[in-house]
Amino acid sequence: MKRLLLIAMALMVSMMVYGCGMGEKSAGGYENASVTDIHEHWQQGTASPNPFMLLDVRTPEEYAAGHIPGATLIPVQDLAEHLVEVPRDKQVYIYCHSGKRSARASKLLAEHGYTNIENIVGGIEAWKDAGYPVVK
């Protein structure tokens, strides 16, 4: 009985650790994450123990009008030809205006074997609505 209890406790702890900080898994094979979670990671910057990339998949005009500081622009329509620019060894946070194009981009990356990708729910609009910084 004591052994069964220990096994159950170990299983519960491992499930809690595994679930911590993970976004909602989509049918497309990527996770959806809130701007709050992404912002917390973004604030760590290069000091983060988990390196990351912010990927903006909007048009160059939209990017110029305002983007998340440090984001890299690869428009969704060009992404398939620029996969080598997206690191496989970093967490990749993808955003667009509201989340539709970034969901397409996230699905494309998942189909090409990327595993550390998260679609930012609500896109840059949710980021701005939360009062987070945007640069032009």
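Predicted model: local features only at pLDDT ≥ 70, side-chain atom pairs only at ≥ 80, totals over all residues.
Me: What counts as a salt bridge here?

Reply: Look for a side-chain nitrogen of Lys or Arg within 4 Å of a carboxyl oxygen of Asp or Glu. Searching the whole structure with that rule gives three salt bridges.

Me: Take Arg 58. Which residue does the side chain of Arg 58 meet in a salt bridge?

Reply: Asp 56, at 2.8 Å from N to O.

Me: Are Arg 58 and Asp 56 buried or exposed?

Reply: Start from the cut-off: buried means under 20% relative accessible area. Arg 58 has 4%, so it counts as buried. Asp 56 has 0%, so Asp 56 is buried too.

Me: Which residue pairs with Glu 62?

Reply: Arg 101, again through a salt bridge, 2.8 Å from N to O. This pair links distant parts of the chain. Glu 62 sits in helix α3, residues 60-65. Arg 101 sits in helix α4, residues 100-111. They are 39 residues apart.

Me: How is Glu 62 classed for accessibility?

Reply: Partly exposed, because its relative accessibility is 22%, and that class runs between the 20% and 50% limits.

Me: Where do Lys 128 and Glu 125 lie?

Reply: Both are in helix α5, residues 123-129. They are three residues apart, about one turn of the helix.

Me: What is the accessibility of Lys 128 and of Glu 125?

Reply: Lys 128 has a relative accessible area of 41%, so it is partly exposed. Glu 125, at 26%, also counts as partly exposed.

Key: Residues numbered from 1 in each chain as written. Heavy atoms only, no water. Buried < 20%, exposed > 50% of the residue type's maximum accessible area, 1.4 Å probe, protein only. Helix = DSSP H or I, 4+ residues; strand = E, 2+ residues; numbered from the N terminus.
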